[in-house]
Amino acid sequence: MTRIKLCGITNLADMTAAVHAGADYIGFITFHVSPRRVSYDTVKTLMELLRGLDVERVPQCIGVFVEPDPTEVERFVVECKLQGAQIHRASAEVYAEIQRRLHGVCYPVIQPRTVQEALDALPTNALPAPPWIPHLLMDTYHKELAGGTGQTGNMEIARALQERLPRFMLAGGLTPENVGEVVRTVRPWAVDVSSGIEAAPGKKDHTKMAAFVAAVHTADATL
């Protein structure tokens with residue numbers, strides 16, 4: 001069963017819709033220049049509200065950090081009671097420090113241009129991570145943006161990573177219309193979507209959210 005991360009959640013209505021749609025993960029983006037950015041106070045409040053929802057299953061909640069400071073990542077994850085951290089554009093030394101502080105409850109993001117570049121970026125000497133944490137997320141290469149490009153990635157690169165990583169998460173240009181074919185072609189452990197389920201930057205389209213989850217489940221049924 002392909003796991004599903006609905007990312008860029010900024011408000012209670014969208015978070016509730018993600019839960020009811022059947023998301024396995026929801027993501028909170030902390031990067032200050034992102035139109036989907038949420039503050040520490042907002043994340044803390046949303047997490048408190050999430051625990052009070054009358055639902056059968058609560059998704060794993062992930063903080064998304066770009067060029068992060070380990071102390072700030074630790075503060076977000078521990079104090080907001082998140083289940084993990086997604087780390088963009090961190091040096092090997094910084095990522096290792098985040099891993100140490102979070103006891104392995106984090107994963108890196110890469111935006112490779114070639115298969116070899118992707119293979120060279122595979123994590124080494126990583127701390128053991130719990131089974132809900134991906135080994136790695138691949139997003140589409142962009143010269144400037146750390147994610148949320150809305151552009152589809154290279155499926156050859158994705159397949160090469162999927163063959164080597166049991167818990168490979170794929171992002172980049174996914175939509176309710178194309179995610180089924182991507183799941184059937186690549187067979188990732190998880191898929192991640194943000195802009196592909198939006199009505200506007202930072203505001204989700206609840207119909208698209210439900211359609212995305214349904215498309216993944218339909219594709220899974222054919223595998």
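In the predicted model, helix 6 spans residues 155-162, and its buried residues are Ile 157, Ala 158, Ala 160 and Leu 161. Viewed down the axis of helix 6, these buried residues fall within an arc of 160°, so they line one face of the helix. The N-terminal end of helix 6 is capped by Asn 154, which has a side-chain oxygen 2.8 Å from the backbone nitrogen of Glu 156.

Helix 7 has buried residues as well: Val 179, Gly 180, Val 182, Val 183 and Val 186. Around the axis of helix 7 they cover an arc of only 165°, which puts them on the same side of the helix. The elements covering these residues include helix 6, strand 7, strand 8 and helix 8 (206-221). Helix 7 is followed by Arg 187, which has a positive phi near 55°. Arg 187 is placed in the loop between helix 7 and strand 8 (190-193).

Eight strands close into a barrel with parallel pairing, in the order 1-2-3-4-5-6-7-8. On average, neighbouring strands of this sheet are turned by 25° against each other, direction ignored. Strands of a sheet pair through backbone hydrogen bonds, in either a parallel or an antiparallel sense. Strand 2 (residues 25-29) and strand 3 (residues 60-66) are paired in the parallel sense over five bridges, and Ile 26 stands opposite Cys 61 in strand 3.

Strand 3 is also joined to strand 4 by five bridges, and these two strands run parallel. In this pairing, Ile 62 stands opposite Gly 84 in strand 4. Between strand 3 and strand 4 the chain passes through helix 3 (residues 70-79), in a β-α-β crossover that is right-handed. Strand 4 is joined in turn to strand 5 by three bridges, again with the two strands running parallel. Here Ile 87 stands opposite Pro 108 in strand 5. A right-handed β-α-β unit is made by strand 4, helix 4 (residues 92-102) and strand 5.

Strand 4 itself (residues 84-88) is mostly covered, with five of its five residues buried. In a regular strand, side chains alternate between the two faces of the sheet. In strand 4, Gly 84, Gln 86 and His 88 point one way, whereas Ala 85 and Ile 87 point the other way, and all are buried. Arg 89 is found in the loop between strand 4 and helix 4. With a relative accessibility of 35%, Arg 89 counts as partly exposed, because the buried class is limited to values under 20% and the exposed class to values over 50%. The backbone of Arg 89 has a phi near 55°, a positive value in a residue other than glycine. Most residues other than glycine have a negative phi.

Two further loop positions were examined. Thr 10 is placed in the loop between strand 1 (3-7) and helix 1 (12-21). The side chains of Thr 10 and Asn 11 are joined by a polar contact of 3.0 Å. A polar atom of the Thr 10 side chain also lies 2.8 Å from the backbone oxygen of Gly 202. With neighbours within four places in sequence left aside, Thr 10 is in contact with Arg 36, Val 38, Thr 42, Leu 46 and Gly 202.

Ala 121 is found in the loop between helix 5 and strand 6. Ala 121 has a relative accessible area of 34% and is therefore partly exposed. Not counting residues up to four places away in sequence, Ala 121 touches Ile 110 and Leu 136. The C-alpha atoms of Ala 121 and Asp 41 are separated by 33 Å, the two residues being 80 residues apart along the chain.

Terms used: Residues numbered from 1 in each chain as written. Predicted model: local features only at pLDDT ≥ 70, side-chain atom pairs only at ≥ 80, totals over all residues. Heavy atoms only, no water. Buried < 20%, exposed > 50% of the residue type's maximum accessible area, 1.4 Å probe, protein only. Helix = DSSP H or I, 4+ residues; strand = E, 2+ residues; numbered from the N terminus. Arc of directions from axis to C-beta. Polar contact = N/O pair within 3.5 Å; in protein donor to acceptor, adjacent residues only side chain to side chain. Pairing = 2+ DSSP bridges. Axes fitted to C-alpha atoms, helices over the stretch in contact; angles between N-to-C directions. Right-handed = clockwise from strand over helix to strand, strands pointing away. Contact = heavy atoms within 4.5 Å.
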